[in-house]
Structure formats: structure tokens, C-alpha cells
Amino acid sequence: MDVNSETNVRVRRQLGGILIANGVITMDQLQESLEEGTQSKRRLGEVLVDLGYLKPTDLYAALAEQQDIEIVDLENPRPKPMLARKIPETLARRIRAIAIADQDGKLKVAMAEPFDVFAIDDLRAATGMRILPCLANPDQLERILNAIYQDGLAESAAQDAAKAFDSDSETELSGLTELSDDGPIVKFLDLLLKRAIQERASDIHIEAAPDGLRMRFRIDGVLHDVMHSPKSVQSGVLSRMKIMADMDIAEKRIPQDGRASIKVGDRTVDLRVVTVPTVYGESVVLRILDQGSISLDLADLGMHPRAMKRFQWAYEKSAGGVLVSGPTGSGKTTTLYSTLNELNGPSRAIVTVEDPVEYRIKGLKQMQMNSKAGLTFASSLRAILRSDPDVVLVGEIRDVETAQIAAEASLTGHLVLSTLHTKDAASTPLRLIEMGLEPFMVTAAITCVVAQRLTRRTCNECAIPDEPDPAMLKAAGWREDLVRASDLTDPLWMRGKGCNKCGQTGFKGRFGVHEVMLVSPAIQNLILERGSAFDIKTQAQKEGMLTMRQDGLLKAAAGMTTIEELVRSVA
């Protein structure tokens, strides 16, 4: 055996000894991996990960311990783009390295291979500084590199646009139009939109601030800062968005809303655009409606089997009213579309009236509201009922006129689906009465009310067992007898450690937390007597309804989310 081979075996054995001492692999696993590595001429760590014996995070920790080198998390805090770009992009991508700190003239660099002396020499030559290498997760490095240099392109485009004019000076309407069509503005927005879609954002907030524009993405229901742009680019960005969404670019004093479509790869993504005038200028929120990322399968809603059985009984009836309630962004539209998708078939005529039409489904007749032309929910609903429908979807009940027509439709042999903004299922009948609907009409027209919220799902890649604080469990409403309401034998509490797949948050994706209330004769009597929401909720629970909090607790006990996240998302 030559000297190099002997050294490699010694180093690999040292790494193996660290991994065994850390309790992450066994001696048998080490021996098998050493033999496999010798045959395939691959590194020990790579073999252990490929065989499933070792998590990448444990490997990086052991490598850092072995080489007596610092291991860094690039998510907390994130590297500053200006500092990171001290390393040319081509070199940074080739050797997978990001500058993260300038320490007394020495450049601290996170690297996938901090032991590569040739890469360190290249860094020293490119930056003219001494290099302090440290270890980082290669997957994390790759993702942060993409974000930094993509942000760099966006920031560069914004800076180029900012040079075009000074937003503090008065700009003619024709000048705004010309600026919004300018290359840097278009490039800036394209990069921002593409990044939002790549990061699974549901909304983009472009907010006017005293010193510029603040960009934030809502990912899994939580807002994250993305970048800031110069104040001088504000008018151009807002004008470009208004032109894309067919809005009046001259109107800045009142809110406006519109729609736009963009091409991302080989698919089209719709945007719902809302502008709001603020003290620092107009802000805009873009809701991303990406049909390619939405599942319209009822089974994917995540309803508890007991709740799903009750809901199925309601939507399979030939007539009646099914309402889905919850705040904006709670998944009401997805629930309704999934239901329509289940009902859709050659034997049913399904008509929808929406503002806007968020998802297009083959086989449905979908109407888009146009208040300027006099096409409102109420007027459209009257026309729809004369067109012989079996199922009618009303996007939202906003006023007593729409509520009255929808109720009459459900009483005359139609299945009517709609949404309403209420905090829970028991409050929904009372909200309709407050809007002006008579109690007897409410009891006769409504069959079922579904209230829901969305809560973040624990990341499957980095989930580890957890022991919630008993006081927090008690405060959240956990009771051992809840287990009997599910298929659980024992609670399996889990928590995400944070990894590259979930952006170090411990969560990836969301699921629904529901309560399904059937309007029984007892509940009808309470509505007629104008009973309180508490009385209605108590009666519904006696009849077998799981509340949203109880549903969420059962799902948390199944390892789907954490108690803290449940308390945050479900009041």
C-alpha cells in the first residue's frame, strides 16, 4: 500500500471514529461503508449518506470536528450580498464558496471543500485578501449562491432604472409609461417574480417605505424580507405593475385591483394585483395563482376522516347550501374547487360566478365579475338560475342581496357553494342574520358550514421527535381523550430541526385544519331563537363536531406540525 492510500485510510478511519463516538453510525455500518468506498473509490462520508446510514448534517458536523474547522449556517444570518459578491460569480460557483465576513482584512469564506488548497489559492488571487475557510452544507451553498447572484441581477436592474430619473421630481404620464417599459424595470420585475415562484411564495408585497421599496414574500403563510430597492425606482415599478394588470397608471389616490399573467418556463402563472395608497406612496400586493402547484383532490385537503364523512354527506346532496368560512388566505377557494372537481361530470351542470376566476377547470361554466359593466354577484346569480344549473358556486357572499338569492337557490333544488369571512363555523349563521337574512331563511337554506385555517407542516426531511412543554399542551387544549377520536395509539410529537429543503425554518408546505358543522334540527332551533355562537358550537360538539383546535391538536399529535405553530395559526 502506498503512502497516499495509507493516509486516506487513516483519515477515513478517523472520521469513522468521530461518527461512532457521536453515536450516529454503528461499527458494522462503518465497516460496510469502508469496503464500499474502497471498491468504488468514493469518500467515506459520501458512501454513508448514499447508503442511508448518515444524515448530511451529521456528516458536516463530523468533518468540521475532524479538521478542527468552523461549520457555519448560511441561513442564520444570511450572507450580505455586497460582501458575497467580492468573489466573482464564476469562481464562487466553480468552487462553491461564499464570502460571509471581513475580519481585519481577512475574508471569511464558507466553502463546500474548505480543505481544497487550490481553491483557497484561487480565492486569495481573486480577492487580494487572506482567506479564512469554514465549512458549509453544499446544498445550502448552492441555494444561497443562486439567491445572491439572482438578487444581484435584480438589484443591478433596479439601480439602472433608478438612474433613469429622480422620483422626487414631477414626471409626466408619458414618462411613467416609457419608464415602466424600460429594460431594467422589466428585468427587475421578471427576476423578482421568478424567484417568488421558485421559493413557493403565495404573495409578493412591494411596499413603499421612506427610503425605498421593501420586497417581502409570503411563504407557507409567513412573510420574509427579500430585498430593498432605491426610492427612485418606485414610480417605474408601480407603473409597470399597473400596465401589466390593466389598471389606471394615473390614479394614485384610491386602491385598484387587476389581473396579469406571466410565462414561467413552459407554464403560465396568473397574478392578482392590488394597489393601496399609503403615506409613503403606493404599495402593491401580488397574489400568485399557480395552477401547476395546486392539487384539487379532496383527499389532499387533509380533513380528518370524521370531518370528511360529514362534509361528503353535505356536498353529495342534490340541494342545499354549503359554506366555507375563514379569513383571507385560509384555503377556502381551494376547498371549494376541490369539491367542484369531485362533483364535475357529464350528469351535472356546474356554473360559477367569481371575482376573479382563480382556477380554470374543464367542464365548468365560469363567469368573471365586471362591476364596471354592471355584472355583479347578484345580477350574475339571477342569470345563472335561469340557465338550468345543478350546482352553483358563488365566489363570496358580500352583501344581503347575494345572500338572499343564494339562499333562495338552495331552497329551489340547487346545490349552492360559497364562502364567507367568519372566525368559526358557529358564527356563520349569525353573520348571515347580521347581514339582513331572516333566521328562518338561514336555517332552511344552509346544510353545512366548514371553517378552516392553514398551518405549516413539519418538514419531513429534518423532523425529529419532540417533547412539548406540558403547560403549553394544557393551554392549547390537549386532552388524552382526544386520542380516542383518531386512529392514534400514542402521540408522536415532532419538530423540524431546519434544513436546506425547508430554508432552515423546520416547516415545508401547509395543510388544512377544519371544523365541519352540519345544521341539525337542534342547531336550527338555536338559530331561530337567535342563540349565541357559543351555544351553537356547544351543540355541534355534542353532535360529534371536532373544532379546528381539536383537529389541529390531533394532527400535531400525529407529527404533522408543532403545538407552537398550531397556536399561532388557530385561535
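A: Here is a walk through the salt bridges, pair by pair.

This is a predicted model, where local features need pLDDT of at least 70, side-chain atom pairs count only at pLDDT 80 or more, and totals for chains, interfaces and linings use all residues. Residues are numbered from 1 along each chain as its sequence is written, and side-chain values use heavy atoms, with hydrogens and water left out.

Side chains of opposite charge can pair when their charged atoms come close. A salt bridge here is a side-chain nitrogen of Lys or Arg within 4 Å of a carboxyl oxygen of Asp or Glu. By this rule the count is 25 salt bridges.

Start with K555 and D551. Their closest N and O atoms are 3.0 Å apart, a salt bridge. K555 and D551 are both buried (under 20% relative accessible area; exposed is over 50%, partly exposed in between; 1.4 Å probe, protein chains only).

Salt bridges with shared partners also build a network: E36, R42, E46 and D50 are joined into one. Within it, D50 and R42 meet at 2.6 Å, N to O. R42 is partly exposed, at a relative accessible area of 25%.

Now turn to R195. R195 bridges to E199, with 2.7 Å between the closest N and O atoms. R195 is buried, at 6% relative accessible area. E199 is partly exposed, at 26%.
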